[in-house]
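Subject: Handing over a structure

Dear colleague,

I am passing on the structure below so that you can look through it yourself. My notes on what was found in it follow.

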Amino acid sequence: MFNKIKPLVSEIKDDLLRWRRHFHKHPELGYQERNTVEYIKEELLSLPNISVKQLTPTSLFASIKGAKAGKKIALRADIDALPIKEENDEPFCSVNEGIMHACGHDAHTAMLMGAAKLISKLSDTLKGEVSFIFQHAEELQPGGAKELVKAGVLNKAQMIFGLHVNPHRPFGSINYNEGIYCASADNFNIEIRGKGAHGAYPHFSIDPIVIGSQIVNALQTIVSRRIDPFLAPVVTIATFKAEGAYNIIPETALLKGTWRSHDEKVREEVPKLIAKTAENIGAIYGAECKFNRVVGGFPVGINGEKALDVVKKVYEEYLSKDYDLYKEPKPMFGAEDFSYYQQKIPGAFLFLGLGGGADLHTPHFKLNEDVMPIGVSIYLSLLHHLLGFEI
Ligand code: NI
């Protein structure tokens, strides 16, 4: 069957390049993807048998109903870019200063459009329905997925799939995790209010820098001494802001950080420990330390067994002659708001190998565009197996 899918996909190779390069040249940040959505909409509306609607201002939902009844399957691509200044030299480099598709979402979007284009033409023999979710703000908490789930985007879909490119895996390989694939991600602030003083007379101060330093150090023991090592989370302080001068001890300091976990119970335990540590260290010195959890973290991402079974079957039946399938040895500590969909219905999130190059989220990230037809082939194979259509 894959012999028939492959030539179909190669028919849209030029479209994939055109779409992806357009998105790459005109990247937009999370919650601002208006032009991106307009472009996708215009392209999709030229296809037969497709319906398109907007559940939020910067996302797009498309659906194709087959001529015959069957299951309903959802596919999702993230469409937002990152606040990075691109440092590549290509004719389709970002023209939006300081914004770049450095996480491959331009390719994810193009691949999903490719699947929609092919399925729309096959819809007269399609059994069931396909939802195409072009999701905004994957990079920016609280993230688009939560909002779309709330808006009813899954509407009786029985299973969902998502793809993400990964430069660290061999080109064209399909990579999956059994169960947990990504961490929860939550952000926090600690505001330290002490007392300013002349740098020559530190005993008149309540020094927020010294207190902040002790908090940063003490937080390291959450991972090393307070949580079961088998469930170890990540606690990172990534901002330490205090503005005095050579001879001025400032009044306040601000710490900002993130914690990550592969366990929802640990995820809820960590902020209590951070808050207690900060408040009590502050109390020793008479400073006020306020912990605050930024609303909108992402939950742990878990691949459902049912959806993974489908992936493995589809791999054997369609893809195994051409591509490799690898089981990841461990989950990542990165996060993905695809996890919100998987809290509702069985779903699998797969990584598509790019075979090297600069890392994601860097100004030099470059996509090997040959990966895109492979992504579309994976979608088509999944849909052919789950729903069925004649080629
Ligand atoms: Ni990404």
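In these notes, Ala, Val, Leu, Ile, Met, Phe, Trp, Tyr, Cys and Pro count as nonpolar, Asp, Glu, Lys and Arg as charged, and the others, Gly among them, as polar. Please keep in mind that this is a predicted model, in which local features need pLDDT of at least 70 and side-chain atom pairs count only at pLDDT 80 or more, while totals for chains, interfaces and linings use all residues. Residues are numbered from 1 along each chain as its sequence is written, and side-chain values use heavy atoms, with hydrogens and water left out.

By those classes, the lining of the largest pocket has 12 nonpolar, 8 polar and 8 charged residues. A pocket here is an open set of points on a 1 Å grid over the protein atoms alone, where a 1.4 Å probe fits, with protein on both sides within 12 Å along at least five of seven lines, and lining residues have an atom within 4 Å of a point. The largest pocket is lined by 28 residues, and Met332, Gly334, Ala335, Leu360 and His361 are those that lie nearest its centre. Strand S5 (159–166) and strand S8 (184–193) are the elements that give two or more residues to this lining (strands are DSSP runs of E, at least two residues, and helices runs of H or I, at least four, numbered from the N terminus). Because domain 1 (2–182 + 300–387) and domain 2 (184–293) both contribute residues to the lining, the largest pocket lies between them; the domain bounds come from an automatic or database domain assignment.

The nickel ion has Cys103 (SG), His105 (NE2) and His164 (NE2) as its protein donors, at 2.1 to 2.3 Å, where donors are N, O and S atoms within 2.8 Å of the metal (3.2 Å for Na, K and Ca), and the site may look incomplete, as water is not among the atoms. Cys103 is buried at 7% relative accessibility, and His105 is buried at 0% (buried means under 20% relative accessible area, exposed over 50%, partly exposed in between, with a 1.4 Å probe and protein chains only).

Lastly, there are 10 aromatic pairs, counted where ring centres of Phe, Tyr and Trp (its six-membered ring) lie within 6.5 Å, with planes under 30 degrees apart stacked, over 60 edge-to-face and the rest tilted. The rings of Phe188 and Trp259 have centres 6.0 Å apart and planes at 45°, so this pair is tilted.

Best wishes
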